[in-house]
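Let's take a walk through a protein model together.

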Amino acid sequence: MLQYAIKGGNPLVGEVEIGGAKNAALPILAASLMTDDTVYLDNLPDVRDINVLLAAMENIGVMAKHASRHRVTLNAGHINSFVIEDDNIKRIRASYYLIGALLGKYRHAEVALPGGCNIGSRAIDLHIKGFRALGAEVTIDHGLIKANAEKLVGNHIYMDSVSVGATMNIMMAAAMAEGKTTIENAAKEPHVVDLANFMNSMGANIKGAGTDVIRIKGVSKLHGTDYTIIPDQIEAGTFMFAAVATKGDVTVKNVIPKHLESITAKLLEMGCEIDEEDDCVRVVASKPLKHTQVKTLPYPGFPTDMQPQITVALALSEGTSIVTETIFENRFKYVDELTKMGASIKVEGTTAIIDGVSKYTGASITAPDLRAGAALVIAALAAEGFSTIDDINYIQRGYEDFHLKLQSLGGQIEMVENGVENQKFRLKTG
Ligand code: EPZ
């Protein structure tokens, strides 16, 4: 089993290039099967969740060719099945985007129930409610979600709670429906806007993405496009907190600073220096870190996907900090691992009460999910001595070349295959 072997203690210093946003790329990939024409996608991250979705699309007849590592050419003119149930697809959450895309274009989809990180209850009732409102019949049968429609007709859909996935799925299903669809209480995340921009570049008529109300006028056909996916705000934020926890100085490049505002606001409260330019942000953490309070919220609030990373930094700050998770009820599972490294955190329900400590010490720990895994890597890079992180396959779902990018900033981290290699790393770096 692959592990990260880490020797902590070096401040991370330098520049790091941020890749395309995984959570934008997933729905965009799915939506690219809604045309028979060729679609060119640029800035596609080379991470496991993307590659699983791409393989599932190839299994039903989508032709995919990489022109380079991050540029792919897709043609879905010869789809031969609407059933997607391979073993890998069951492990990712974003499989559900294939329902919206297939239903939207072909009026028929059968997709294995989504998996994904175990961070709390991950219902799909809002997706189903939306598909039904457009006229689809939706059933769950032998682990498959089956959606069928004679025809799809636009409707007024109110989202009972803000859901990124349901907003984008309904957008896809409604893009080629008859008439107008309005999605009220829609998610406003940058990836929702990116999907709308992508679909509009294919000829869709979607207005209001990025606000609470999205209005879609159905079109009869979508055409090919050449589109560049936005930078990953969560990857960028992760490196920003890696700089902070290690008391470093890191510039994240190829970012949209506006998407990082809730993160930079918290970093300023914590006493870090931030320098923003058009497409990069520099974070310097030269002073002792200050405590603060954080509540995760839908965009433009502080992202739940950054909650473990800020907690790792706050646990090294002076005083008591409070972090409240409002999106997923089970997203503090990493706290036990962080405690092994010396953190002092008490979790009460969905709130973590953090008493700052002066340092972490290295330990053998396990990544419980994608973002928590990345946060634990940051903790290990900040810690005194050696750490080993297991179950790094979670981290590989969403971070491209994570250890290589950290190495380029001076982090002592290697991906090793077994205890012998781990021992060699310790001898080399010790
Ligand atoms: C997306 O998940 C992301 N995943 C998550 O990123 C991210 O944490 C989350 O949005 C919130 O930003 C992908 O994009 C693949 P939601 P999603 O629907 O779409 C409830 C990462 O680390 N809900 O916005 O599943 C739900 O239980 C991952 O990259 C319903 O009740 O999130 C949750 O409490 C992890 N019914 C809340 O809404 C539904 O039908 C928000 O979920 C759907 C959701």
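A pocket, as the word is used here, is an open set of grid points where a 1.4 Å probe fits, with protein on both sides within 12 Å along at least five of seven lines. A molecule sits in such a pocket if more than half of its atoms lie within 2 Å of the pocket's grid points. Keep in mind that you are looking at a predicted model. In this model, the ligand sits in the largest pocket.

Now let's look at what lies around the ligand. It is surrounded by 24 residues, and the closest are Tyr96, Asp125, Ser163, Asp305 and Ile327. What kinds of residues make up this shell? They divide into 11 nonpolar, six polar and seven charged ones.

Next, find where the shell comes from. Domain 1 (3-19 + 231-429) and domain 2 (22-228) each give at least three residues to the shell around the ligand. Several helices take part too: at least two shell residues come from each of helix H1 (22-31), helix H4 (125-133), helix H5 (164-175) and helix H11 (370-382).

Let's zoom in on single atoms. At Ser163, an N or O atom of the side chain is 2.6 Å from an oxygen atom of the ligand. How much of the ligand does the protein bury? Taken alone, the ligand exposes 830 Å², and the protein buries 89% of that.

In the loop between strand S18 (293-295) and helix H9 (307-314) you will find Pro300. The peptide bond leading from Tyr299 to Pro300 is cis, with omega near 10 degrees. The other stop is Asn185, in the loop between strand S11 (180-184) and helix H6 (190-201). Although Asn185 is not a glycine, it has a positive phi of about 60 degrees.

Definitions and conventions: Residues numbered from 1 in each chain as written. Predicted model: local features only at pLDDT ≥ 70, side-chain atom pairs only at ≥ 80, totals over all residues. Heavy atoms only, no water. Near = heavy atom within 4 Å. Polar contact = N/O pair within 3.5 Å; in protein donor to acceptor, adjacent residues only side chain to side chain. Areas by Shrake-Rupley, 256 points an atom, 1.4 Å probe, with all protein chains shown as cover. 1 Å grid on protein atoms, 1.4 Å probe; cavity = no way out; pocket = protein on both sides within 12 Å on 5 of 7 lines; lining within 4 Å. Helix = DSSP H or I, 4+ residues; strand = E, 2+ residues; numbered from the N terminus. Nonpolar A, V, L, I, M, F, W, Y, C, P; charged D, E, K, R; others polar. Domains from an automatic or database assignment.
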